[in-house]
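Welcome, and thanks for opening the viewer. Let us walk through this structure together, one selection at a time.

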Amino acid sequence: MNHCILLFFQFCKFSVLCFGGGYMLIPLLTAEFVDREQVLTMSEFGNLLSVAQVTPGPVGLNTATYVGYVNEGFFGSLAASLGLVVPTIVIGCSAAAGINRWKDTFLVNGMLKGTRLAAVALIMFAVTIFFGMSIFTQTIPWEALGACLKFERPVLPDGFSVSPAGMLICGVTVVLMLKTKLPTTVLLLGSAAAGALLASWF
Amino acid sequence: MEMEIQTLSRARRLLLLYCSFFRITALVVGGGLAMLPVIEEIFVVKHKLLTREELLDMTALTQTVPGIIAINSAVYIGMKIGGVPGALAAAAGAVTPPFTVILIIASLFPRLDPKNRYLLGVFAGIRACVTGMILVTGCRMFRRTVKSRLECAVVLVFFVLALMKVSPALLILAAVPFGWCYVWWQTRRMSQAEQASDGGTSAGASASVDPSSETHEDGGRGK
């Protein structure tokens, strides 16, 4: 029970820090549950995100419910979803009245400017996390890259290689998103089918 | 339009909010901004409880306040249509379907460690697709947000700090005072440039740079 209360407050924190939509949750969640508490491995987290992405409903909420379930079962999911929603309701109800008055004040403008820049950086960071789960077979070894910069021979971890199928699907998705207006549902279902097809070849 | 709102009783309005957001999150895959067309259809076109302008204002707002976009939209629309009870009804409606669906899925595969080759392939495919989607979203956000070389450098510093395992929560909190300093510095530089261009012609070059960066910022906010 104590753990559920802790989960609730953790997700309250994520909700308040989550500027710029559900993708911002990815770095916050991996830092907390993969790196620090180690209740999930990176590949489990990747599978969980895939499920959250294809299940109807907002990705952030789906992920929260799932992470809560992995932690503490039913009450864990309840605590996690409520944690994500309660701060929004509190902020929403108190801000809806005054937001037009505060919109152009120095404090709000400065805060938005700063958090937006941080949000862009954290989304770029989320992209590198995802590279490690799709285009490469493991988390990107930044230490090896650092060694390259110091003109030393880099040591690659075991089992680190490029996944051709992942690279292909990712590339096609980027091109389709930039060139066409296909809905994301079509892209996701297409990639799922392509993934199953390519898995039978490689 | 006022008439329409009057004809719906308070309880009916709350029920409408709950059911609409239940339907939206139960059917729309992808969440957040993908919900927008459905929201427009239900609340603007069908029930005429919101105007298009209000919806547009709300879209900008839900992307600036913290929290996931879907819940933000539910809370702000609920607030507009039914006050605080409306916000609660809309949020409850938005949470119910994903909560139940994910609970069912999560209890079906316990720790999500499938051995089936094709199922793994499906997951790998979706992950690769999401990678592409985040990449495009990230690039669009970068283009919309970052307006000068200094801001680009700041983003890079934050990015490298995140790679060095500095907690993301800490980075966002640190960004707030930085934003205040940055905006203060920008406005001060602008007023100085104005004074300089009032006083003489020598500062013309720097003064001509600042207004342009200001219009860029306005353009960014407009979107």
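Counting contacts in chain A between residues at least 6 apart in sequence, 57% join residues at least 24 apart. Keep in mind as you go that this is a predicted model.

**Stop 1: chain A as a whole**

Select chain A and colour it by secondary structure. You will find 8 helices and 0 strands, and from the N terminus on the elements read α-α-α-α-α-α-α-α. Along its principal axes, the C-alpha trace of chain A spans about 55 × 40 × 40 Å. Of the 202 residues in chain A, 50% count as buried.

**Stop 2: helix α2 of chain A**

Now select residues 25-36 of chain A, which form helix α2. This helix has 12 residues and reaches 15 Å from its first C-alpha to its last, close to the 16 Å expected at 1.5 Å a residue. Which residues of α2(A) are buried? They are A:L25, A:I26, A:P27, A:L28, A:L29, A:T30, A:A31 and A:E32.

**Stop 3**

Move on to A:Q38, which follows α2(A). A:Q38 sits in the loop between α2 and α3 of chain A. Is A:Q38 buried or exposed? A:Q38 is exposed, because 8 other C-beta atoms lie within 10 Å, and a residue with 12 or fewer counts as exposed. Take a look at the backbone here too. Most residues other than glycine have a negative phi. The phi of A:Q38, however, is positive, near 55 degrees, and this residue is not a glycine.

**Stop 4: A:E44, in the next helix**

Select A:E44, which belongs to helix α3 (residues 42-54) of chain A. A:E44 counts as partly exposed, because it has 16 C-beta neighbours inside 10 Å; the partly exposed class lies between 12 or fewer for exposed and 20 or more for buried.

**Stop 5: over to chain B**

Switch to chain B. How many helices and strands does chain B have? There are 9 helices and 0 strands, and the elements run α-α-α-α-α-α-α-α-α from the N terminus on. Buried residues make up 35% of the 223 residues in chain B. For contacts in chain B between residues at least 6 apart in sequence, 48% join residues at least 24 apart.

**Stop 6: two packed helices in chain B**

Select residues 10-27 and 69-108 of chain B, which are helices α2 and α5. They pack at an angle of about 35 degrees, and their axes are 7 Å apart. The crossing of α2(B) past α5(B) is right-handed. By class, this contact has 17 nonpolar, 7 polar and 1 charged residues.

**Stop 7**

Zoom in on B:V44, in helix α3 (residues 36-46) of chain B. With 16 other C-beta atoms within 10 Å, B:V44 is partly exposed. Setting aside residues up to four places away in sequence, B:V44 touches B:L50, B:T51, B:R52 and B:L55. One of these, B:L55, is 11 residues from B:V44 in sequence and 8.1 Å away in space, C-alpha to C-alpha.

Next, select B:K48, in the loop between α3 and α4 of chain B. B:K48 has a positive phi of about 50 degrees although it is not a glycine. This residue is partly exposed, with 13 other C-beta atoms within 10 Å.

**Stop 8: where the chains meet**

Show both chains together. Here 84 residues of chain B are in contact with 93 residues of chain A. Which helix of chain B gives the most to the side that touches chain A? That is α6(B), with 24 residues. By class, this side of chain B has 61 nonpolar, 17 polar and 6 charged residues.

**Stop 9: the largest nonpolar core**

Finally, select A:A121, A:L122, A:I123, A:A126, B:A90 and B:A91. Of the 111 residues in the largest nonpolar core, these touch the most other members. Helix α5(B) gives the most to this core, with 19 residues. End the tour at A:A126: leaving aside neighbours within four places in sequence, A:A126 is in contact with A:Y23, A:I26, A:P27 and B:I134.

Note on methods. Residues numbered from 1 in each chain as written. Chains lettered and ligands numbered in written order. Predicted model: local features only at pLDDT ≥ 70, side-chain atom pairs only at ≥ 80, totals over all residues. Axes fitted to C-alpha atoms, helices over the stretch in contact; angles between N-to-C directions. Helix = DSSP H or I, 4+ residues; strand = E, 2+ residues; numbered from the N terminus. Left-handed = near helix turned anticlockwise from the far one by under 90°. Nonpolar A, V, L, I, M, F, W, Y, C, P; charged D, E, K, R; others polar. Expected span 1.5 Å × (residues − 1). Contact = placed C-beta atoms within 7 Å. Core = buried A, V, L, I, M, F, W, Y, C linked by C-beta atoms within 7 Å.
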